[in-house]
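Reader: I'd like to go through this fold with you, one feature after another. Could you show me how to read each one?

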Amino acid sequence: MYTKDEASKLRQEFWTTFGLYISPQLSAEGLRVNWINYKTGFKYVYFKMEADKKIATISIELSHPDTGVQELFFEQFLAFKNILHTTTGEEWTWELHHQDNNGKITSRIYQQLTGASIFNKNDWPALISFFKPRIIALDEFWFDVKDGFEGLR
């Protein structure tokens with residue numbers, strides 16, 4: 001078991017390592033991008049990567065405070081579902097309303113890896129191999145479809 005400080009340092013070390021590993025990768029537009037804090041350009045639309053002691057998750061999170069607007073974004077993503085699944089090469093899980101750890105209602109589209117811990121450095125290659133191709137595929141997907149969301153801005 002780790003203290004909060006030790007756990008925080010390990011998380012920071014993992015994300016720094018991942019950031020260094022993926023930093024040479026250019027975006028679909030051919031630009032440098034901060035992969036860990038990916039900017040979609042739309043308020044309340046996030047690409048998130050999270051890892052803890054049991055599960056790693058990469059997701060598209062829709063966190064608009066108005067659940068009606070959140071549903072409109074979700075429906076627009078549903079219109080592009082086949083493109084997402086083709087670009088990532090896999091089926092993702094779709095949740096219209098999900099309560100996050102803080103009790104906030106969000107909608108999310110995600111993929112998970114179980115059995116890998118951010119606190120075990122031996123698992124880091126598996127975590128990196130999980131996150132890297134998916135965040136790159138999400139960037140490619142977003143490059144192709146983001147114009148379809150302009151009406152929801």
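Reader: Let's start with charges: which side chain does Glu61 meet in a salt bridge?

Author: Side chains of opposite charge can pair when their charged atoms come close. The cut-off here is a side-chain nitrogen of Lys or Arg within 4 Å of a carboxyl oxygen of Asp or Glu. Here the partner of Glu61 is Lys48, at 3.6 Å from N to O. Glu61 sits in strand β2 (residues 55-62) and Lys48 in strand β1, so the pair ties together parts 13 residues apart in sequence. Before we go on: this is a predicted model, where local features need pLDDT of at least 70 and side-chain atom pairs count only at pLDDT 80 or more, while totals for chains, interfaces and linings use all residues. Numbering runs from 1 along each chain as its sequence is written, and side-chain values use heavy atoms, leaving out hydrogens and water.

Reader: And what counts as a helix or a strand?

Author: They're DSSP runs numbered from the N terminus: H or I over at least four residues for helices, E over at least two for strands.

Reader: Are Glu61 and Lys48 buried or partly exposed?

Author: Buried is under 20% relative accessible area, exposed is over 50%, and partly exposed is in between (1.4 Å probe, protein chains only). Glu61 has 10%, so it's buried; Lys48, with 28%, is partly exposed.

Reader: Which residues do salt bridges with shared partners join into one network?

Author: Lys48, Glu50 and Glu61. The whole structure has 7 salt bridges. One of them puts Lys121 against Glu13, 2.7 Å from N to O. Lys121 is in the loop between β4 and α4 and Glu13 in helix α1, so this pair ties together parts 108 residues apart in sequence. Lys121 is partly exposed at 44%, and so is Glu13 at 35%.

Reader: What does Arg134 pair with?

Author: Glu90, again through a salt bridge, at 2.7 Å from N to O. That links distant parts of the chain, with Glu90 in the loop between α3 (81-88) and β3 (93-99) and Arg134 in helix α4, 44 residues apart. Arg134 counts as buried at 16% relative accessibility.

Reader: On to the sheet: what is the strand order?

Author: Two strands pair if DSSP finds at least two bridges between them. This open sheet of 4 strands runs β1-β2-β4-β3 with antiparallel pairing. β1 and β3 are the edge strands, each pairing on one side only. From one strand to the next, the twist averages 30°. β3 and β4 share 5 bridges, and Thr93 has Tyr110 in β4 as its bridge partner.

Reader: Which strands does α4 touch?

Author: Contact means heavy atoms within 4.5 Å. For directions, axes are lines fitted to C-alpha atoms, for helices over the stretch in contact, with angles from 0 to 180 degrees between N-to-C directions. α4 packs on the sheet against β1, β2 and β4, and its direction makes about 15° with that of β2.

Reader: Which residues of α1 are buried?

Author: Ala7, Leu10, Phe14, Trp15, Phe18, Gly19 and Ile22. Their cover includes β1 (45-51) and α4 (124-145).

Reader: Last one: is Arg108 buried or exposed?

Author: Arg108 is buried, at 12% relative accessibility. You'll find Arg108 in strand β4 (residues 105-114). Leaving aside residues up to four places away in sequence, Arg108 has contacts that include Glu61, Phe74, Trp94 and His98.
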